[in-house]
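Open the structure in your viewer and keep the selection tool ready. Each stop below tells you what to select and what is there.

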Amino acid sequence: MSIFERYLTVWVALAMVGGVLIGLVAPGLVQLIASAEVASVNLVVALLIWAMVYPMMVGVDFGAVAGVARQPRGLIVTLVVNWLIKPFTMAFLAVLFFEHVFAPWIEPEDAAQYTAGLILLGAAPCTAMVFVWSQLTKGDATYTLVQVSVNDLIMVVAFAPIVAFLLGVTDIQVPWQTLVLVTVLYVVLPLIAGLITRRTLGSPQAIDAFSARVKPWSVMGLIATVVILFGLQGQTILVKPLVIVLIAVPILIQSYGIFALAYGAAYALKVPHRIAAPCAMIGTSNFFELAVAVAISLFGLNSGAALATVVGVLVEVPVMLSLVAFANRTRARFPKKEMI
C-alpha cells in the first residue's frame, strides 16, 4: 500500500475538519454545490462516487457471474442480515435510546422524529459506497456486483412495506426517481464503462495494470466526497453538536453490531474473505440518498427525521474505514475458497 492509502483514516479526518471549515468560510460555494441536485441526489457528489465506483467495475468479470451461484453463502448472509434483521434492530435501538436512555435531554416530539429517521436508514442497505469498501478490502468485484444488484431488486418491493410497518405510516411514497437515478449513476453507467474498458484493454495483465493506475483516483474521490458532505452539513454540526452526538450513538452501535453479525456468520460458514468482507459491508453501510429523500418527503426538509438521516451520512465514512481496517487485519483467518 502507498503512504496515501496506509494513512487514509488520517486524510479522511482532515477532510472532515476541512469540510466544516469550508462550510464556514465559503458558504456561497457550499450552497452552489448543494443546489446542483436532482431527485435528492447531489450531482457533484454523484460524480465523485462514480469516480470511486468505476475502478472496481473494471474488475468485474461478466464470465464469472454465473459462478456466484456456486458460492451462495455470502449472498444468503447479506440478504438475511439486510432484510430480516437490520431494519428491526435499528428500530429497537432508536426506540431504546430516544424514548428511554436519552429521554431527559430530548423532547418526545423530537425523539419520534429521530426514531423515524433511523428506521429509514436501517431499511435501506448500501448501493454505491459498498463498491469502494469492497475495493479497499480486496473484495471480489463480480460477487459484490451481484450482491448489490440482488439487494436493489429486493429494495424495490420491500423498502416501503418495512418502513410502513415500523413507522405505522401506510402512505409511504417511495421516491422512484431517486431510486432509479442512483442505480443508473452508481451501478449501470460505471458498469458499462468498466465493460468497455475491459474490452478495450483486452488482456488480464493490461486490465490489472490499468486498475492499479486508477485506484488512487478512487481514494482521492473518497476524500473529496467527505469534504463536500461535511461542508454541506458544517452549520448543522456546529449549531447542534449534542443532538448530532446523541443521534450518532445508536447508529454506531447498529453499524458495528450488524458488521459483527454478518462478518461472524460469514466466518462460521467458511465464506472466503474476498466475499465475506463486502457481504458484511453492504449491511453496515446505508443507501443514504434514499433515506434522506423519503425523510424529507414524509416529514419535511427541516425535520428531525431528515437530520437523523444526515447524521447517518456523516457517521458512515469514519465507521466504514475502521471496519475496512479490521477486515484487512483479519483476512488471514478466512479460507481462500468456500468450504463445502
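**Stop one: a loop residue**

Select Thr 137, in the loop between helix 7 (129–136) and helix 8 (141–167). Helices here are DSSP runs of H or I with at least four residues, and strands are runs of E with at least two, numbered from the N terminus. This is a predicted model, in which local features need pLDDT of at least 70 and side-chain atom pairs count only at pLDDT 80 or more, while totals for chains, interfaces and linings use all residues. Residues are numbered from 1 along each chain as its sequence is written, and side-chain values use heavy atoms, with hydrogens and water left out.

Is Thr 137 buried or exposed? Thr 137 is buried, at 0% relative accessibility. Buried means under 20% relative accessible area, exposed over 50%, and partly exposed in between (1.4 Å probe, protein chains only). Now show what Thr 137 touches: His 273, Ala 277, Pro 278, Met 281, Val 324, Ala 327, Asn 328 and Arg 331, leaving aside residues up to four places away in sequence. Contact means heavy atoms within 4.5 Å.

**Stop two: helices 12 and 13**

His 273 also belongs to the next contact. Select helix 12 (residues 241–268) and helix 13 (residues 273–284). Their axes come within 8 Å and cross at roughly 150°. That makes helix 12 roughly antiparallel to helix 13. Axes are lines fitted to C-alpha atoms, for helices over the stretch in contact, and angles run from 0 to 180 degrees between N-to-C directions. Under 35 degrees counts as roughly parallel, over 145 as roughly antiparallel, 65 to 115 as roughly perpendicular, and the rest as oblique.

Colour the contact. Helix 12 brings Ser 255, Ile 258, Phe 259, Ala 262, Tyr 263 and Ala 266; helix 13 brings His 273, Ala 276, Ala 277, Ala 280, Met 281, Gly 283 and Thr 284. By class there are nine nonpolar, four polar and no charged residues. Ala, Val, Leu, Ile, Met, Phe, Trp, Tyr, Cys and Pro count as nonpolar, Asp, Glu, Lys and Arg as charged, and the others, Gly among them, as polar.

**Stop three: aromatic rings**

The whole structure holds 11 aromatic pairs. Rings of Phe, Tyr and Trp (its six-membered ring) pair if their centres lie within 6.5 Å; planes under 30 degrees apart are stacked, over 60 edge-to-face, and the rest tilted. Zoom to Phe 98 and Phe 102, with centres 6.1 Å apart and planes at 55°, so this pair is tilted. Both residues are buried.

Next, pick Tyr 267 and Phe 334. This pair is edge-to-face, at 5.3 Å centre to centre and 75° between the planes. Tyr 267 lies in helix 12 and Phe 334 in the segment after helix 15 (304–329), so the pair ties together parts 67 residues apart in sequence. Tyr 267 is partly exposed, at 42% relative accessibility. Phe 334 is buried, at 7%.

**Stop four: Ala 91**

Go to Ala 91 in helix 5 (residues 73–101). Ala 91 is buried, at 11% relative accessibility. Leu 118 is 27 residues away from Ala 91 in sequence, and 7.1 Å away C-alpha to C-alpha. Leaving aside residues up to four places away in sequence, Ala 91 touches Ile 119 and Leu 166.
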